[in-house]
Amino acid sequence: MSQEIIVVHGNNTLSGEVTVAGAKNSALKLLAASILGQGVSTIRNVPMISDIRIMSDVLRCLGATVEREGHTLTIDTTNVDKHETPYELVSKMRASISVLGPLIARFGQARVAMPGGCQIGERKIDMHLVGLHALGVEFSVDHGYLEARTPNGLRGTQVFLEFPSVGATENLMMAAIVATGDTVLENAACEPEIADLANMLNAMGADVQGAGTPTIRIRGVGFDTLHPCDHTTVGDRIEAGTFLVGGALTGGPLTVRGIDPSFLRMALMKLTAMGCEVETGEDWITVKRERPLVPTDIQTLPHPGFPTDLQAQYMLLAALADGVSVITENVFENRFMFAAELTRMGADISLEDHHALVRGVKGLQGAPVKSTDLRGGAALVLAGIVAEGETKVYKISHIDRGYEDYVGKLRALGADVERVVVE
Ligand code: UD1
């Protein structure tokens, strides 16, 4: 059976300017939130990636119409009359679970296929369920489906999250906005995408304060108060960080546009610690490097800590640094699958539980490798750009889930990369 792969010719540099797309992790939830405003919502700066196509299908399956013109999606939720999300879609993309909160808010009930295991650790949804239960939702499991009911409606309450889960914070916010009374979410996730979602919800008539901080206060306004809106997605900090790593690897100078630098404070601090020069403006960041890469220790943490979604890319930088770095993954189990592929290209990495000991090497060699996940896949292409010889990256559907025209953007920055169909 034929498949598409990315072929990279190495010993290359990246420089110039690239504009990032809208944030995948925002846009997916903004699409889900459109269910909350009966009528036609417009969401702008939506990336053209396969995960967005799946979320569009989830909405269609609920009865919405979704049309795309460039990066603008027009979503008509007038006729949304189903509250069930089938296994075929949830199994393709775990983020489908983010319709749970909006469906409960709109219909007082929902039936969503249970997300199965995922390659990046267990990825449970227990915190979503505990928080929603506190708001008055009763759950049962029926033939692999999670059934949610609200026999006494949604009531505002205080929820203290065990861990600042992004998905749980979002689902709770989207349900609490229609509850009777006030809700306080404590130990909430602080990712910029949470604030983006809250801004959209407020534009729809909700009252959410404090999103982007650990304490979010929500005054329930009832479903009938909510209306459709026109919202623009924030820039993708992970796409920006990925290209900046490309610039840091090869020297640059490389500028990313369309991104608020405050979204990437920790990642930029680490670039500086590794020997890069970083300059920022209102919506751009430039990186360049004139001296050897310096090793540094990194631990992933919820925002504003170092993002787990940039861990593989920075592991690549550490792999070429002049010394030893320790990378600690605190957010997901099993998120070191990328290390084995990078080792095939000559990196020296030992794994011990959730720590990776990365001993810098002088260079990498091109090799056939496979994407193990979205971010690891993107990092392998970058590895191929600095490696000696040819790298073939397999299983690139992972990359297409989250990067719009990755190959086209890298080519514009000077990389010798192409998508090729092989048997
Ligand atoms: C989102 C992002 C993902 C990013 C992650 C952390 C989307 C579509 N995906 O994923 O790219 O890597 O945030 O920044 O936005 N957990 C539980 N129980 C729960 C919920 C989570 O144990 O109920 C655990 C997870 O297994 C994981 C950790 O908490 O180990 C973080 O998960 P969470 O913040 O919820 O990430 P996602 O929303 O799934």
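Biologist: How does Asn45 count by accessibility: buried, exposed or partly exposed?

Modeller: In this predicted model, Asn45 lies in the loop between β3 (40-44) and α2 (50-62); helices are DSSP runs of H or I with at least four residues, strands are runs of E with at least two, and both are numbered from the N terminus. Buried means under 20% relative accessible area, exposed over 50% and partly exposed in between, with a 1.4 Å probe and protein chains only. Asn45 has a relative accessibility of 26%, so it counts as partly exposed.

Biologist: What pLDDT do the local features need?

Modeller: Residues are numbered from 1 along each chain as its sequence is written, and side-chain values use heavy atoms, leaving out hydrogens and water. In this predicted model, totals for chains, interfaces and linings use all residues, side-chain atom pairs count only at pLDDT 80 or more, and local features need a pLDDT of at least 70.

Biologist: Where is Asp353 placed, and is it buried or exposed?

Modeller: Asp353 is in the loop between β20 (348-352) and β21 (355-359). Its phi is near 55°, a positive value in a residue other than glycine. The relative accessibility of Asp353 is 65%, so it counts as exposed.

Biologist: How many residues of helix α4 are buried?

Modeller: Helix α4 covers residues 100-107 and is largely enclosed by the rest of the structure. Among its buried residues are Leu100, Pro102, Ile104 and Arg106.

Biologist: How many residues does the second, separate core hold?

Modeller: A nonpolar core is a set of buried Ala, Val, Leu, Ile, Met, Phe, Trp, Tyr and Cys residues joined through side-chain atoms within 4.5 Å. In the largest one, of 72 residues, Leu36, Leu100, Met173, Ile177, Leu201 and Val208 touch the most other members. Beyond its neighbours within four places in sequence, Val208 is in contact (heavy atoms within 4.5 Å) with residues including Met173, Ala198 and Ile218. The second core includes Leu268, Leu310, Val361 and Val417, and its size is 70 residues.

Biologist: Which element gives the most residues to the shell around the ligand?

Modeller: The shell has 20 residues, Asp126, Met127, Ser165, Asp309 and Val331 being the closest; a residue is counted if one of its heavy atoms lies within 4 Å. Seven are nonpolar, five polar and eight charged, where charged covers Asp, Glu, Lys and Arg, nonpolar covers Ala, Val, Leu, Ile, Met, Phe, Trp, Tyr, Cys and Pro, and polar covers the others, Gly among them. With three residues, the element that gives the most is α5.
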